[in-house]
Structure formats: C-alpha cells, structure tokens
Amino acid sequence: MPTVSGVMQHVSQTPTCCQLWMKVLEGPVIAESADEENQDNQDVDLDTTAPEDWYYTSDHDGTLDVYKEEDVDDIPDHPSEARFTEQFIGLAAKILGAQNTLFESMEAVETAKKESMWAPFRTEGEWELARFLMKNIGQTKMDEFLKLNIVRDQIRTGVRESGVSFENARSFLKRVDKLRTGPAWTCEIIDVCGDIVSEDGRLKHEEVELWRHDPVECVRELMGNPAFRDVMSYVPERAYADANGETHIYDEMWTGNWWWDVQSKLPEGAVVAPVILSSDKTSLSQFSGDKKAWPVYLTIGNISKDVRRQVSAHATVLIGYLPVSKLDCFQKKSQSVAGYRLFHHSMALLLRPLANAGREGREMICADGYIRCVHPILAAYIADFPKQCLVACNKESQCPCCLVQSNKRGDLEDWESRCMADTKFDAEGLHADLPFTDIFACLTPDILHQLHKGIFHDHLVQWCTSIVGEKEIDTRFQAMTRYPALRHFKKGISSVSQWTSTEHKEMQRVFVGLLAGAVDDRILVVARSLLDFIYYAQLQRHTDTTLAAMEESLKTFHAHKHVLVELGVREDFNVPKIHSMQHYVTSIRALGSADGYNTEYPERLHIDYAKDGYRASNKRDYVEQMALWLQRQEAMYYKSDPARSAGVSDLPDSPVLQMSAVKAHYKVAKIPPHHQVSVNSIESDHQAFEFLPALEHFLVSQLGRKRVIRPIRSDQFDVYNYLYVTSGPSVIAGHSQSFQKIRASPKMAAHGRKAETPTRFDTVFMMDRERPCTLNHVHVGSPNPSHFQTTRPIWHFRSPPCICRVVHYPPASGPCNQPVCRHPLHSKPSL
C-alpha cells in the first residue's frame, strides 16, 4: 500500500488499522517530491524498510512507528508487545456501493412521517412504563396493574402527562406489535413415521414443530448493525509479534488460519461471514414437569469476541427451536436413534438457506454503511461432548474430531482427522451441502465442560482426594490465608453440592499450593502441568510461544501420569476429555483463542431466550408463545436503543481495534459508610499517621498551591472501606476492563448478630513512571465537600523501599515463570 488511495481501500475493510491510519493521514507527512507546492496533489509515499505487507501507525507527532499497545496508565497489566499485521493477498471486501443501514432507514421513515420518537406511545413516561411492563410483568399481572384506581383515573382524564393511553394488556400489546421486529418466525411441521403398528394396521405417526428464523437474514441483521461498526472486521489478517513474521498472534477469529484459507477460495471482493452456531437442550420446568427446549444460537466471527460474549450487546441471536419429543411412535430400543435422525433433519432444514448463500454470496449493507457481497459460511459449532458426538455422527466412545482408537485415547499420539467418508452421514445430515464446511473441524474446544468440570473437578481433584483424603483436603482449604479477590472455602469443598465455573476457577488458583507437602512431588508435577494447560487454554491472546508452552504442559502430564497408576488411583487414562486436550492448539490456530467459543456464554443465553419466555407463557403450546414473547422483546429492544437508530455504537472500545490510550480509573460507593470522621480517628483506626501531609500534597498536585485551602486537624472527612481500580485490558482478562477490589477497613466491633470484623488493609503493588515500583498499604477517604472545593476521593499510600521489581500479571493470571520480586522481602512493611 504505497499510496493514500491504497490505504483508504484498506481502512474501509479492516477496523484494526482504521483508527491508526486516520491519525497518519491527518498528521504531517512528507511526500517524495521536493516541490512543496505540488505535495498536496501527489500520493504520499509510505514506504519503509520493513516488508511491504506490514502496517504501520503514527505517533502523536505524526512520525511513523511500529504499532505497540498502550499500557494502561498507572496500572500496567502486561508488558507491551508489538503487533505486525500482514494483509490478505488479493482483493477482499470490495465495496459495491453505499446505503443507509436498516436502523438509519427506520429513523428516516419516522422523520418523514413526522411521528413522535416515542410512537406508538404518547410520551416518554408512557414508553418507560411500557418497557417495564413488557420486561417484568406477564399479561395477567399486567391487567391487574392497569385496573388499579390510580392508573385508571389517569386513563380517564387523558390530560395528565403521566397518564397512559392503554386500558388493558390487549391494547398495550397491540401497540407493541406495531413496532419493528427482526426476521419473522416460521413454523415447519415435521411428520415423523414410527415403527410401532397401531390398531388400524398402520405405522404410528407424530407431528413435531420446528420454529426457525432465516439464518441468512439473521446474518444480514448482524452485519448491518451500526452498533458493531467499530468492532467488526471484513477481511482476514495474519498478526505477528515480530517484524520478521516468525511469531504468530492468535486472538480474534480473523487472525486464524481458517478465514485466510476460505477467503482464498472465494471470488475476488467477497466477504466471509464466519457463522458460529451453538445449541444445547435445556430444562424449562423448575420443580416438576419435563418441559424442555432446544434453542439454536447464531453469531458471526466478524464481530470481536469480547462483544460477542456480552449478553447486553445482542451480538448472538436465536435462530430456532429444535423439536423436543419423546417419540412415542417408536419402540424404546429405537427411540434414541430416531431422535438423532430428527436432530439432523431439523438442523438441515434450519441451515438450508446457508447453502446457496455461502456458495453464491448475498449483497448486504454492512455496519459502516457500505454494500458488500457476503458469504455466510459455517465455521464453528459450540457444544458439549455428547452434542459434539451427535453432530459428528459417532459414538461417545470415539473422538468427534479424529480417528483415534477407543482404547488409545489416553496416549499422546497423532491421529488422522475425520472426514465425511468416515461417518454415516447421508443426504440429510447436518452438513446439508454447506459449502467450504468441514463439520469435524468446526467442533471447538469446550473449556467449561472439558477442562473446568472434566479435567480439573472430575479427575484431578478426585485423584488427589483419593490420595490425601477428603478430610485433609477440606482442612487445607479451610487453612488457606485470606487474600483480596481470593475465595476462602471456610467449610472446605466436600460439602459443596452444586459447582459452577466460578468455584472451579477459584479452586484452581490455590490447588497446587494446597497440595504442597501433602502429596509426592511427582503428583505435584501432574497437577501443575494440568493446571498450566487449563490456564494457557484460557488466554485471550495466543502466540506461537504460548501454544508451544501449552503443548509442553500436556507432554509433561503424559510423561508423569504413570505415578497415578503406580499408586492405584487409575488403571488407565482412556478418558475422552483427556484426549480432547490434543485438539486445542489446532483449533486455536484455525479459529482464534478458545475464549471466543466457550460454552459458558450459550448457557447464559438460555435464561433470556428460553427460560424467561417459558415463564411468561401459560405452559401450553409454550414454544409458540415463547417465540411471540421474544419477538416483542426484540421490538422493544430496537425501539429502546437510540444509539442504534442513530448509527452510533455504545459498546466499549476494544484496544485491539482502537489503540487510543486507556486511562485507568477507579470507583467507590455512592454513599460512604463513614461520615464526618475526625483526623484523630483516621490516624488511630486506619493508622494513617501521615494523612494530613499526604492530603495536602495530593490537593496541591491536582489544583495548584494557590487554589488549595490547607487542611487542618479540626476537619472531618467521609471515609470509604473499598476502592475498585481498573486493571485494563490484558492477554489474561481480555480486552474489556476489569475492576480489582482494594480494602481499607478498620476493625469493627461485634454488633448484634454480627461478629467482630478484623482489620483489613490490602497490600498494593504500584508501578510508577519514575520509580520502578512500590509496595503500599492503602487508606481510602474523601475530603468533606463543606471544607474543600473538590469531592474527588483520595487514598494514602506508604511506600517501604524493599521491592525492586514486580511482574505485570495479577495472581489470577495462571502460571508465571518470572519471580515476583528480584530481592526477598526481609521485613513486613510498617503501617
């Protein structure tokens, strides 16, 4: 891209460099020509000594430099790493025209009709009430609410602005049905012929319903949603951590090898829309009954994985409910096979529109307002192991991805990948003639069920418990030292009846240290290697280095696993979940980091897209009512988001897509727990003996000496117990910012039923621009607004000079080979 026109062609396709290149083009540049008068009319030469395929950014002074991620101010999360991006060879994402997005067209229609922005509701207050009723109250309770005298009086008057114009649930829902919705629902009746002969001599039949959206229209809506404008990519790219292109970076789906390979098979100018499907059967009945639903969700890999994981972003849509039936028209011995066939037939009907659209493409209005030819192609299928075997048409004793022998799954060997000829797929199989799709390569790793619940909880914890004993394990968990942001299992773990990924992650953080001294060193090596693999698998940005370390940890486990056989804990390791670990690296290289297709997110969607809809129904013909309820919820969502109508994204910035500096900030409670605390109490209870000098120094640094009123001992202050500080984006926590809780609470005496609370002053590692790092005890407070002009909370730090170096990774970041400090801590920091 040696010219400005070439640059503009690129930035219209890839958001990764868009923001950065705009800074280059807006800043001062130097043209090749020495004629200063003609420089404005010539293309600017952006040639450098690096290869032509590397992208460059500019510093604030307009000079070119290799892109480096900005460190979060005051709170660095990991060492900054260079990122070099190689462009796709060939023409991709060709712009065919420009047009208003769907949401912009809706806004234009409303403006032309001169309707109120709250139509079909009268006022903003009525609209807010409508949102509340639709989201929280069923039709029966809605009628009861609208019959209240205070509401009916307002309806009769019709003049008060606070009144409502609908008298009952029926009139209210008529207004909701006037709102714009997404793709329409379609119900297909599937006639299932059983193998049981009825009394009339005919085979029994059963009709089941398949409720579905057109998946192509769902992809069109996601591609054209202006809320995703800044977090969407249209072309593949290869990212590297070095200028020589030797160390790959894998994070987003467009950095994986799959997208690059498929792009090269499509016509020039095409856009790949990697379709990501997920499905899982879920129970709807709470205490009794057997009502179930089988929702199927769809999202696209063009959207950043950090946004896809946010439920509030609505980047994943429901495309259908698969039929759930006991199939009583079949004999019991054939019901399971008939259910498998019904699943594949239903999925073939559901995905049929993707076949032609993926092969020929469809013109779609993208989020940036440009028209492109989009090819929706199935890239990933998110499911747990039983559903993976169902999709792959193989028994659960076999691997859905490779041809490993059923008695060799515990060995670390390479096996040939599956292909369509190795299974009993027929013309109605799940592949359904989907172009460029290898259904076996689409099956992605499942961190939740395979690693957290399977490898760690069902295997590693049980192995160690059988060696050490349940009582000793509980005792060691109870004896763990309390630490901020670290869960303390005060009753042990044997009494926990229901586990979630949260409990698993908390246990993993302390498990190796907990086993120290209780088991043989060889067992510690096994435990550490498995936990290393689990932590590496959760990294949200991988490189060739991390993937090599991931493979090495798996090799370490297999090299030392024999100790469990020697101790009689296991007879063999022929376990499907242990074998599945071999496919993680291959999948990450193809589709990006594994956090982009974890099953935790689809399970969370069951609440919004299945369970809430079922609760709003009358429990009869509930699937139809759920579809209607979701359609109305969708209509309210479109109407309630003005940012979407205006084409402005309200999503948080992603550092990978927008490399502006991220400012660290903090949060405190809205109401401080301690009001008007004297200086003497702060010094005695919080042991902040230098509070007044520190406060004066802080105010002078913020406001200047001339504008500051010097604090005195008679002043009183509001004091906070907690401070939440942003940790910023990292390869561990991802692109979204997370908050770390810092406690500074004095001892609280016993009061009523509440026991005495001990003193808690957390230790904080600070990174300073001038001084490498400091170790601090935190005391949080806020100046009294009645005395000072500023109400910004402050905190007081004391810094002993005993720490020389601190790593960037938080304790939850998993294995780390760097020492915490270069010199040992010889004495406890004084307060």
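**Figure 1. Confidence along the predicted chain.** The protein chain averages a pLDDT of 77, with 75% of its residues at 70 or more; pLDDT is the predictor's per-residue confidence, from 0 to 100. A contact here is heavy atoms within 4.5 Å. Numbering starts from 1 along each chain as its sequence is written, and side-chain values use heavy atoms, with hydrogens and water left out.

**Figure 2. Inside the largest nonpolar core.** This core holds 66 residues, and Met-223, Phe-228, Leu-277, Leu-298, Met-347 and Tyr-381 have the most contacts inside it. Helix α11 (residues 332-360) is the top contributor, giving 10 residues. Core members are buried Ala, Val, Leu, Ile, Met, Phe, Trp, Tyr and Cys joined through side-chain atoms within 4.5 Å; buried means under 20% relative accessible area (1.4 Å probe, protein chains only). Zoom in on Leu-277: leaving out residues up to four places away in sequence, its partners include Tyr-297, Ile-319, Met-347 and Tyr-381.

**Figure 3. Helix α19 and its surroundings.** Helix α19 (residues 544-560) runs 24 Å from first to last C-alpha over 17 residues, close to the 24 Å expected at 1.5 Å a residue; the expected span is 1.5 Å times one less than the residue count. Helices (H or I, at least four residues) and strands (E, at least two) are DSSP runs numbered from the N terminus. Among the buried residues of α19 are Leu-547, Met-550, Leu-554 and Phe-557. The buried residues pack against elements including α14 (447-468), α18 (521-537) and β15 (542-543).

**Figure 4. Aromatic pairs.** The whole structure has 17 aromatic pairs, meaning Phe, Tyr or Trp (six-membered) rings with centres within 6.5 Å; planes under 30 degrees apart are stacked, over 60 edge-to-face, and the rest tilted. Phe-166 and Phe-172 sit 5.0 Å apart at 50°, so they count as tilted. Tyr-297 and Tyr-609 are tilted too, at 5.7 Å and 50°. Tyr-297 is in strand β11 and Tyr-609 in helix α23, so this pair ties together parts 312 residues apart in sequence.

**Figure 5. Charges over rings.** The charged end of Arg-372 sits 4.1 Å from the ring centre of Tyr-234, and Lys-741 lies over the face of Tyr-722 at 4.0 Å. The criterion is NZ of Lys or CZ of Arg within 6 Å of the ring centre and within 35 degrees of the ring normal.

Notes:
This is a predicted model: local features need pLDDT of at least 70, side-chain atom pairs count only at pLDDT 80 or more; totals for chains, interfaces and linings use all residues. Buried means under 20% relative accessible area, exposed over 50%, partly exposed in between (1.4 Å probe, protein chains only).
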